[in-house]
Amino acid sequence: MSEPSAVQTPQAFSPRIFSGIQPSGGLTLGNYLGALKRFAEKQDEGTQTIYCLVDMHAITVWQDPAKLRQQTREGAAAFIASGVDPARSILFNQSQVSAHAELAWIFNCVARLGWMNRMTQFKDKAGKNAEAASLGLYAYPALMAADIMAYHATHVPVGEDQKQHLELTRDIAIKFNHDYGVEFFPIVEPMIEGAATRVMSLRDGTKKMSKSDPSDQSRINLTDDADAIATKIRKAKTDAEPLPDTLDGLKDRPEARNLVNIYAALAGMSAAEVIVENAGSLFGTFKPKLAELAVSVMAPITTEMNRLMQDPAEIDRILGAGADRAEAIARPILDQVYDITGMIRSRR
Ligand code: AQP
């Protein structure tokens with residue numbers, strides 16, 4: 001008998017994993033620990049994995065065209081350097097498969113304004129001047145639902161920050177199925193797992209580490225060299241207390257908790273194990289140890305990314321081949337959506 005899949009599907013859909021990352025800037029340690037590292041692990045567990053550079057999501061805020069192209073290739077290099085194998089996973093950029101945009105329109109007509117108004121990411125990103133935000137930024141979660149549902153994906157590995165969007169994806173699928181009287185879209189399961197589901201800023205332990213934070217000191221970029229990583233960790237905001245001997249002792253110490261979580265995720269340990277191993281350590285001792293670990297994990301990834309970036313044509317070829325494979329799955333699903341919704345498809 002074969003091993004049971006690590007992914008359990010609650011209904012009559014074959015397990016299929018989909019996830020994406022925006023090429024809206026250089027990727028961070030948060031993207032690596034919360035997403036990329038886990039994407040490679042999921043691929044190695046044997047479920048079909050589809051991964052996407054969501055360039056159409058990226059333009060919901062202004063992107064310089066030349067930079068967007070560069071960041072998309074760099075993102076693809078980051079996926080591959082992190083262990084995503086384009087022969088075993090499907091790796092492509094979103095805009096090459098028009099099913100995403102087509103299904104997003106239909107979902108725009110399923111999702112309710114009241115649901116969109118509750119999305120905290122829109123509020124965070126639009127800030128105080130929501131009137132000036134793009135319509136695309138507002139509709140972002142419907143496009144994300146389309147990304148996932150265009151493949152009938154059942155499981156989505158993401159960081160904690162995407163939980164609300166995945167709940168909306170479920171709501172859209174439920175409403176579509178209900179309105180049209182079908183069991184067509186699966187109800188997706190978020191996979192928010194591991195010691196670093198929310199890596200925080202190195203300057204403020206209450207804020208998510210983000211590629212768009214104006215302070216470069218707040219994040220570790222996948223392109224940072226060993227010196228930059230060590231300096232950023234050394235300068236990371238902390239407190240003067242030693243590490244406690246139980247996790248409870250980190251309750252009101254967000255910066256300390258963040259560094260412990262990062263250490264745990266990089267070392268493949270639980271945060272509790274890190275505390276047991278380092279109880280009583282001052283940050284003067286813990287930070288160099290963390291820096292050494294971070295460099296040893298990140299340096300091979302950065303080196304491999306740099307090597308892959310020497311050949312942008314090969315990256316474009318990989319993305320194109322991935323898009324062909326993605327299209328072959330999404331197109332028949334879209335054809336059925338048009339049929340279900342009553343759209344005539346009579347072209348030969
Ligand atoms: N700090 C984080 N900790 C854990 N996971 C994270 N992710 C992002 N930041 C962290 C996860 O990475 C995946 C891709 O995210 P994204 O690029 O599509 O968008 P985002 O979540 O909005 O990430 P950023 O870095 O904050 O981008 P900007 O600054 O452009 O908005 C997701 O699975 C996310 O959970």
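**Notebook: helix packing and ligand surroundings**

I began with handedness and noted that α4 and α13 cross in a left-handed manner. The model I am reading is a predicted one.

**Entry 1: α4 against α13.** I looked up the geometry of this pair. Helix α13 covers residues 312-341, and its axis comes within 10 Å of the axis of α4, at a crossing angle of roughly 25 degrees. Angles under 35 degrees count as roughly parallel, and α4 and α13 are therefore roughly parallel to each other. I then listed the residues that meet. From α4 they are Ala-99, Glu-102, Leu-103 and Ile-106, and from α13 they are Ala-330, Arg-331, Leu-334, Val-337, Tyr-338 and Thr-341. Sorted by class, this contact holds seven nonpolar, one polar and two charged residues.

**Entry 2: α4 against α7.** I next turned to the other partner I had marked for α4. Helix α4 spans residues 99-108 and helix α7 spans residues 135-149; their axes come within 8 Å and cross at roughly 125 degrees. The two helices are therefore oblique to each other. I recorded the crossing of α4 with α7 as right-handed. On the α4 side I found His-100, Leu-103, Ala-104, Phe-107 and Asn-108, which meet Ala-139, Ala-142, Leu-143, Ala-145, Ala-146, Asp-147 and Met-149 of α7. By class, I noted nine nonpolar, two polar and one charged residues in this contact.

**Entry 3: α3 against α13.** I returned to α13 to examine its packing with helix α3, residues 65-81. The axes of α3 and α13 are 10 Å apart, and the angle is about 75 degrees. Thr-72, Arg-73, Ala-76, Ala-77 and Ile-80 of α3 make the contact with Pro-312, Ile-315, Asp-316, Ile-318 and Leu-319 of α13. The classes here are seven nonpolar, one polar and two charged residues.

**Entry 4: the ligand.** Which residues come nearest to the ligand? I found 22 residues around the ligand, of which Lys-125, Asp-161, Ser-210, Lys-211 and Ser-212 come nearest. I then looked up polar side-chain atoms facing ligand oxygen atoms. For Lys-211, an N or O atom of the side chain is 2.4 Å from an oxygen atom of the ligand. For Asp-161, a polar side-chain atom lies 2.6 Å from a ligand oxygen atom. For Asn-31, the corresponding distance from a polar side-chain atom to an oxygen atom of the ligand is 3.1 Å.

Technical notes: Residues are numbered from 1 along each chain as its sequence is written. This is a predicted model: local features need pLDDT of at least 70, side-chain atom pairs count only at pLDDT 80 or more; totals for chains, interfaces and linings use all residues. Side-chain values use heavy atoms; hydrogens and water are left out. Axes are lines fitted to C-alpha atoms, for helices over the stretch in contact, and angles run from 0 to 180 degrees between N-to-C directions. Helices (H or I, at least four residues) and strands (E, at least two) are DSSP runs, numbered from the N terminus. Angles under 35 degrees count as roughly parallel, over 145 as roughly antiparallel, 65 to 115 as roughly perpendicular and the rest as oblique. A crossing is left-handed if the near helix is turned anticlockwise from the far one by less than a right angle, and right-handed if clockwise. Contact means heavy atoms within 4.5 Å. Ala, Val, Leu, Ile, Met, Phe, Trp, Tyr, Cys and Pro count as nonpolar, Asp, Glu, Lys and Arg as charged, and the others, Gly among them, as polar. A residue is near a molecule or strand if one of its heavy atoms lies within 4 Å of it. A polar contact is a pair of N or O atoms within 3.5 Å; within protein, one must be able to donate a hydrogen and the other to accept it, and residues adjacent in sequence count only if both atoms are side-chain atoms.
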